[in-house]
Amino acid sequence: MSSKIKDILMWDESLFRNPEVFDLSYIPEVFKFRDNEIEAISHNVKPLIKGDLPTNTIILGPTGTGKTTSVKLLFREINEVSNEVIPVYINCQFHYREFSIMSQIFRGIFGYPPVETGKPLTTLYEYTMGELQKKGKRLLVALDDVDFLFHVNIAESILYKILRAHEIFPGVKTGIIGIVTDNAFSFKVSEKIRTVFMPNEVHFKPYSQSTISEILRYRCDIGLYPGVMDNDVLDKISEITFDRGDLRLGIRAIKEAGMLAELGSRKKITTEDVEKAIERISSSLHVENVFDGLSKTDKKVLKVIAENSGKFTKANDFFNILADEMSYELFRKATTKLENLKIVDIQRAQSRGRGKQNLIHLRVPKEAILEIIKE
Ligand SMILES: Nc1ncnc2c1ncn2[C@@H]1O[C@H](COP(=O)(O)OP(=O)(O)OP(=O)(O)O)[C@@H](O)[C@H]1O
Ligand SMILES: [Mg+2]
């Protein structure tokens with residue numbers, strides 16, 4: 001069926017023909033502008049496909065430049081061309097304990113997560129690498145946002161465990177792709193990684209405004225009905241997206257602006273829709289980016305903090321509301337995770353003693369959190 005006829009049949013006053021293309025987890029079918037970078041990473045990985053040790057890679061670049069997407073696409077290709085190489089993608093924002101990372105690798109190799117038996121990390125490690133050795137398969141681990149592992153001081157240990165597995169399990173071949181988002185600390189982090197292993201560096205440069213515009217136009221073409229997004233409105237979005245330096249803002253702004261236009265029963269998105277949309281999502285974008293990676297417990301804790309921020313700041317006051325549902329240890333873990341994700345600040349008590357307590361402050365508007373939790 002031609003897409004025009006499909007459009008007629010499907011038209012239901014909605015401006016979206018595929019709303020999911022504006023979701024942050026959506027992986028676009030057409031992914032241009034990163035061929036050189038993906039090729040460079042492929043060259044590093046190739047020996048592993050052939051049965052040798054690969055060159056390890058570190059990917060560096062500003063936020064929203066396609067680093068994560070490129071690796072996910074490459075992993076998809078690897079799965080198609082090889083049964084021998086097991087690619088495992090791990091986001092270290094959410095998995096920043098050695099046990100948790102090793103569990104992800106276990107899952108990649110076995111196809112199911114390890115049963116929780118309280119066995120120590122070394123046992124899990126032996127099972128995992130032992131299975132790799134037994135199957136005669138090779139392992140490629142992508143550690144996204146690997147800088148998180150340096151914050152919690154487990155980076156060296158886990159990198160060595162993966163890269164030197166062959167010392168304990170002869171014949172096992174492993175490789176790493178580390179991904180670091182450029183920020184004030186990334187230089188230091190990449191220096192540290194260099195001392196652990198000598199990776200080949202692949203840099204993802206920021207997109208130009210015209211590239212951003214082309215990427216966003218393509219999203220509109222597949223996600224919206226024809227005529228909904230005029231070029232001058234899209235130019236406005238591209239300009240703001242370029243200035244703010246995060247492609248995600250543009251992608252989400254199109255969806256939000258489309259919904260505002262629908263609410264106003266307009267068949268086209270206007271510049272005012274865009275301006276309003278950008279104002280609304282700027283604050284929530286960060287929460288949205290990390291929200292899917294939160295556990296149920298993390299979300300419960302976050303909800304209580306958001307609902308009561310402004311009323312009190314003492315950690316214990318938040319905990320008291322949750323005391324029936326979780327232990328203090330779980331609560332503490334969740335707040336530490338939210339701190340690492342830059343959603344809350346924890347002001348730690350300088351000394352122990354009566355009345356000395358940690359204070360928790362939200363770093364994002366509480367409305368942004370309550371809205372996303374409601375969804
Ligand atoms: N070349 C491209 N073509 C189409 N979409 C793209 C392109 N580059 C990035 N995107 C989109 O932009 C968003 C951000 O991309 P991605 O998550 O890969 O960035 P990143 O470099 O990993 O960012 P961060 O450093 O913040 O983790 C995603 O929705 C992705 O689909
Ligand atoms: Mg990323």
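How many C-beta neighbours does Val 141 have inside 10 Å, and does that count as buried or exposed? Val 141 has 23 of them and counts as buried; the cut-offs are 20 or more other C-beta atoms within 10 Å for buried, 12 or fewer for exposed, and partly exposed in between, with C-beta atoms placed from the backbone.

The views below show a predicted model, in which local features need pLDDT of at least 70, side-chain atom pairs count only at pLDDT 80 or more, and totals for chains, interfaces and linings use all residues. Residues are numbered from 1 along each chain as its sequence is written, and chains are lettered from A and ligands numbered from 1 in the order in which they are written.

**View 1. Val 141 in strand β3.** Val 141 is placed in strand β3; helices (H or I, at least four residues) and strands (E, at least two) are DSSP runs, numbered from the N terminus. Leaving aside residues up to four places away in sequence, Val 141 touches Val 88, Ile 90, Ile 105, Ile 162 and Ile 176. Here two residues are in contact if their C-beta atoms, placed from the backbone, lie within 7 Å. Lys 161 is 20 residues from Val 141 along the chain, and their C-alpha atoms are separated by 12 Å.

**View 2. Helix α5 and its buried face.** Helix α5 (residues 121-135) has 15 residues and spans 21 Å from its first C-alpha to its last, close to the expected 21 Å. The expected span is 1.5 Å times one less than the number of residues. Tyr 125, Thr 128, Met 129 and Leu 132 are the buried residues of α5. Viewed down the axis of α5, these buried residues fall within an arc of 80 degrees, so they line one face of the helix; the arc is that of the directions from the helix axis to the C-beta atoms. The buried residues of α5 pack against α4 (98-110), β3 (138-144), α7 and α8 (165-168). Lys 134 and Lys 135 are exposed on the other side of α5. After α5 comes Gly 136, with a positive phi near 65 degrees.

**View 3. Helix α7.** In helix α7 (residues 155-163), the buried residues are Ala 155, Ile 158, Leu 159, Lys 161 and Ile 162. Their arc around the axis is only 160 degrees, which puts them on the same side of α7.

**View 4. Helix α10 and what covers it.** Helix α10 (residues 209-223) has 15 residues and reaches 21 Å from first C-alpha to last, close to the 21 Å expected at 1.5 Å a residue. Its buried residues are Ile 212, Ser 213, Ile 215, Leu 216, Arg 219, Cys 220 and Gly 223. Down the axis of α10 they fall within an arc of 165 degrees, so they line one face of the helix. Their cover includes α11 (231-244) and α12. Ser 210 and Ile 222 are exposed residues on the face of α10 turned away from the buried side.

**View 5. The shell around ligand 1.** Ligand 1 is surrounded by 19 residues, the closest being Thr 63, Gly 66, Lys 67, Thr 68 and Thr 69. A residue is near the ligand if its C-beta atom, placed from the backbone, lies within 6 Å of it. Helices α3 (67-81) and α12 (247-263) each supply at least two residues of this shell. By class, the shell has seven nonpolar, eight polar and four charged residues. Ala, Val, Leu, Ile, Met, Phe, Trp, Tyr, Cys and Pro count as nonpolar, Asp, Glu, Lys and Arg as charged, and the others, Gly among them, as polar. Domain 1 (3-18 + 207-291) and domain 2 (35-203) both give residues to the shell, so ligand 1 lies between them. Domain bounds come from an automatic or database domain assignment.

**View 6. Where domain 1 meets domain 2.** The centres of domain 1 and domain 2, taken over C-alpha atoms, are 34 Å apart. Six residues of domain 1 are in contact with five residues of domain 2. On the domain 1 side, the touching residues divide into three nonpolar, one polar and two charged.

**View 7. Val 301 in helix α14.** Val 301 lies in helix α14 (residues 296-308). Val 301 is buried, with 28 other C-beta atoms within 10 Å. Not counting residues up to four places away in sequence, Val 301 touches Leu 322, Phe 331, Ala 334, Thr 335 and Leu 338.
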